[in-house]
Amino acid sequence: NLNLAMLLAEMNKLGEADQAFRAVLKADPKSAQAAYNLGVLVSKDRPAEAISWCQKAAALRPDVPKYAYTLAFFQKQEGKTNDAVQTLEKLIELAPAHAESYALLVQIYEEQKNAAAALLVCRRAVSNERLSEQERYRFQARLQALTPN
């Protein structure tokens with residue numbers, strides 16, 4: 001059923017894919033992959049439901065960074081920035097090599113006009129040796145752009 005749901009989604013048969021993902025979750029409520037994909041599938045029309053499915057996926061598989069990252073992304077889209085910040089902070093603790101989490105967190109802080117918090121996140125990223133040299137360089141450039149003269 002999971003493969004069928006994925007195929008239907010790729011074929012843009014979204015209603016059928018929705019039903020197939022729900023069938024997977026009925027048969028296996030612990031399918032993080034199905035919960036995640038259902039969340040992404042419904043995100044445009046039903047953002048609250050998308051957040052719920054992504055929360056489930058992230059809780060089931062905290063070792064898969066894209067689940068929590070996508071949850072934070074949807075939380076941010078829905079104006080739940082405090083929830084997004086909490087999700088990203090937890091994700092950075094669990095997956096310190098996930099550069100996209102740092103970047104989204106910096107973006108949120110910048111949008112909140114919280115330069116001090118954005119600077120702190122950039123410094124954390126720059127000093128994180130689990131990030132690639134290129135990623136650390138990118139955060140160093142962002143840090144310089146954010147630093148007042």
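Asn12 is exposed, with a relative accessible area of 58%. In this predicted model, Asn12 sits in the loop between helix 1 (2-10) and helix 2. Its phi is positive, about 65 degrees, although Asn12 is not a glycine. Most residues other than glycine have a negative phi. Lys113 also has a positive phi, of about 60 degrees, and is not a glycine. The loop between helix 7 (99-111) and helix 8 (115-126) holds Lys113. Lys113 is exposed, with a relative accessible area of 74%.

Helix 4 covers residues 47-60, which makes 14 residues. From its first C-alpha to its last, helix 4 reaches 20 Å, close to the 20 Å expected at 1.5 Å a residue. Its buried residues are Ala50, Ile51, Trp53, Cys54, Ala57 and Ala58. Seen down the axis of helix 4, these buried residues fall within an arc of 170 degrees, so they line one face of the helix. The face turned away from the buried side carries the exposed residues Ala48 and Ala59. Among the elements that cover the buried residues of helix 4 are helix 2 (14-27), helix 3 (32-42) and helix 5 (65-77).

Rolling a probe the size of a water molecule over the atoms shows where empty space is left. The volumes are as follows.

| Space | Volume |
|---|---|
| Largest pocket | about 200 Å³ |
| Largest cavity | about 30 Å³ |

The lining of the largest pocket consists of Gln55, Ala58, Ala59, Pro62, Ala68, Leu71, Thr87, Lys90, Leu91 and Leu94. The largest share, four residues, comes from helix 6. By type, the lining of the largest pocket divides into seven nonpolar residues, two polar and one charged. Ala58, buried in helix 4, and Ala59, exposed on the face turned away from the buried side, both belong to the pocket lining.

The structure holds one cavity of 30 Å³ or more. Residues lining the largest cavity are Ser43, Pro47, Ala50, Phe74, Gln77 and Glu78. The lining of the largest cavity divides into three nonpolar residues, two polar and one charged. Ala50, one of the buried residues of helix 4, is part of the cavity lining.

Terms used: Residues numbered from 1 in each chain as written. Predicted model: local features only at pLDDT ≥ 70, side-chain atom pairs only at ≥ 80, totals over all residues. Heavy atoms only, no water. Helix = DSSP H or I, 4+ residues; strand = E, 2+ residues; numbered from the N terminus. Expected span 1.5 Å × (residues − 1). Buried < 20%, exposed > 50% of the residue type's maximum accessible area, 1.4 Å probe, protein only. Arc of directions from axis to C-beta. Contact = heavy atoms within 4.5 Å. 1 Å grid on protein atoms, 1.4 Å probe; cavity = no way out; pocket = protein on both sides within 12 Å on 5 of 7 lines; lining within 4 Å. Points joined across faces, edges and corners; volume = space filled by probe spheres on them. Nonpolar A, V, L, I, M, F, W, Y, C, P; charged D, E, K, R; others polar.
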